[in-house]
Amino acid sequence: MMATRELTADKVFKGFTDVHGRLLDHKPVIQAEIKFFVKEFETKRNNEDFNHLKRSLAEVNETRTVHIPEVMALMESELSEALLQLHAATDVCERITKKEDERSQANPLEERQKERERRWAEYRETLARERDMVDVEHRDRMKAVENHFDEHTKKLSSLD
């Protein structure tokens, strides 16, 4: 009898787990839904990536066949004009540099002349100072001689 009860308990337990699995355990169903969602997402994503790659390839081909030749033609026509303008600007710069060089060579003559004038003015000032000093010294000596002469004259007149 025990054996039948165990058997019955096992059957009841097994039945209970089956009912529990069907009612409460949704894991297999959810996993199936997740797999379906992932598969759909990857399919759509792959299609979007493929479409994006197709658009990119079309743009690259258009750029290669249409835009690059246009740009090259524009560059060649504009580049030659830019080179002409560059040469003209270089010529103008060279002329300006040449004029500046000529002016800088003329400046040493002017600078030497200004230096001579400065030295001449300095020399004249020095001469004037020395002349004034000589004049003062001369006056002082003249006074000293006059005083000396006056003293001798006084001594001579006192002797008489």
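What follows is a set of stops, each with something to select and a note on what is there.

**Stop 1: the whole chain**

Start with everything showing, and keep in mind that this is a predicted model. Switch to a cartoon view: you are looking at 2 helices and 0 strands. Now try a surface view. How much of the chain counts as buried? Of its 160 residues, 0% do.

**Stop 2: helix 2**

Select residues 27-159, which make up helix 2. Keep this helix on screen, as the next stops use it.

**Stop 3: a nonpolar patch**

Pick out Ile 68, Met 72, Met 75, Leu 79, Leu 83 and Leu 86, and show their side chains. Together they form a nonpolar patch on the surface, with about 550 Å² of accessible area between them.

**Stop 4: a network of charges**

The chain has 4 salt bridges in total. Select Glu 115, Arg 118 and Glu 122 to see a place where salt bridges link up into a network. Which residue is bonded to Glu 115 in a salt bridge? That is Arg 118, and the closest N and O atoms of the two are 2.4 Å apart. Along helix 2, Arg 118 and Glu 115 are 3 residues apart, so about one helical turn separates them.

Now look from Arg 118 to Glu 122. These two also form a salt bridge, with 3.1 Å between the closest N and O atoms. Both lie in helix 2, 4 residues apart, which is about one turn of the helix.

Glu 115 is partly exposed at 33%, Arg 118 is partly exposed at 42%, and Glu 122 is partly exposed at 45%.

**Stop 5: another salt bridge**

Select Arg 131 and Asp 132. They form a salt bridge, and their closest N and O atoms are 3.7 Å apart. Asp 132 has 41% relative accessibility, so Asp 132 counts as partly exposed.

**Stop 6: the aromatic pair**

Finish by selecting Trp 120 and Tyr 123. The count of aromatic pairs comes to 1. What are the centre distance and the plane angle for the rings of Trp 120 and Tyr 123? Their centres are 5.7 Å apart and their planes sit at 35 degrees, so the pair is tilted. That angle falls between the cut-offs, under 30 degrees for stacked and over 60 for edge-to-face.

Both residues are in helix 2, 3 residues apart, or about one turn. Is Trp 120 buried or exposed? Trp 120 counts as exposed because its relative accessibility is 52%, while Tyr 123, at 46%, counts as partly exposed.

Note on methods
Residues numbered from 1 in each chain as written. Predicted model: local features only at pLDDT ≥ 70, side-chain atom pairs only at ≥ 80, totals over all residues. Heavy atoms only, no water. Phe/Tyr/Trp six-rings, centres within 6.5 Å; stacked < 30°, edge-to-face > 60°. Buried < 20%, exposed > 50% of the residue type's maximum accessible area, 1.4 Å probe, protein only. Patch = residues over 30% accessible without salt bridge, like charges linked within 9 Å, V, L, I, M, F, W, Y side chains within 5 Å. Areas by Shrake-Rupley, 256 points an atom, 1.4 Å probe, with all protein chains shown as cover.
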